[in-house]
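Have a look at the chain first, and then we'll walk through it.

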Amino acid sequence: MSACIHRLCKGLICMRICVTNRNLCSGDFFETVSKACQTADMVILREKDMSSTEYEKTAETVQKICKDNDTLFCINTFSDIAEKIKPDALQLSYNDFIKYTKKEILTGVSVHSLSEALSAEKYGADFLIAGHIFETDCKKGLAPRGEKFLTEIVSNVEIPVYAIGGINPENESEVYKWGADGVCIMSGYMR
């Protein structure tokens, strides 16, 4: 078991996850991912606007980049592609997770309430991505959930919880103080 997989499974703190969005990149997307692998423990390929065919081709390239850099690779949403190419993990929305029955890959679930977090854990999620914690352009106009939300989830589940949403070098340490096992960062890596 690689050190990264061990950290993910055991919920050790300070795991950094790069969440991709090629539309934010000013340069080559694959070079950006490769650079992110220098400090990220995992890359979640979150390219929701891609067709299944385009996503699979991109996933194969990103998976190789991650493997070459000893970085975990996670598929977002496309469970059929995950079953085919066998990434280190699969990340699903809460609604998709409830319908997902295969459970052959480490599975993370995006949650936006304590009840979703408790339910996801009950039904076998391996880790949670809780958000959004701070203001973010990705959720313009929606109030961040903040400290109370994050601490409530962390204190009520046994599985690792990774914070997402508006996390940057200035506020990253706050989410660790609030009990998060790690952070998910999009803009900081993609830009």
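Predicted model: local features only at pLDDT ≥ 70, side-chain atom pairs only at ≥ 80, totals over all residues.

pLDDT is the predictor's confidence in each residue, on a scale from 0 to 100. The chain averages a pLDDT of 91, with 93% of its residues at 70 or more.

Numbering runs from 1 along each chain as its sequence is written, and side-chain values use heavy atoms, with hydrogens and water left out.

## Overall build

You'll find nine helices and eight strands here; these are DSSP runs numbered from the N terminus, with helices being H or I of at least four residues and strands E of at least two. The radius of gyration is 15 Å, close to the 16 Å from the globule rule for 191 residues, so the chain is as compact as a globular protein of that length. (That radius is taken over C-alpha atoms, and the rule is 2.2 Å times the number of residues to the power 0.38.)

Of the contacts with a separation of 6 or more, 56% are between residues 24 or more positions apart. Buried residues make up 50% of the chain, where buried means under 20% relative accessible area, exposed means over 50% and partly exposed is in between (1.4 Å probe, protein chains only).

## The core

A nonpolar core is a set of buried Ala, Val, Leu, Ile, Met, Phe, Trp, Tyr and Cys residues joined through side-chain atoms within 4.5 Å. The largest one has 65 residues, and those with the most contacts inside it include Met42, Leu128 and Ile75. Helix α3 (residues 52-68) gives this core its largest share, five residues.

Leaving aside neighbours within four places in sequence, Ile75 touches a list of residues, among them Leu45, Tyr55, Ala59 and Pro87.

## Rings

The whole structure holds four aromatic pairs. Rings of Phe, Tyr and Trp (its six-membered ring) pair if their centres lie within 6.5 Å; planes under 30 degrees apart are stacked, over 60 edge-to-face, and the rest tilted. Phe134 and Trp178 make a tilted pair, 5.8 Å centre to centre with 40° between the planes. Phe134 is in the loop between β6 and α7, and Trp178 in the loop between α8 and β8, 44 residues apart. Phe134 counts as buried because its relative accessibility is 17%, and Trp178 does too, at 14%.

Methods. Contact = heavy atoms within 4.5 Å.
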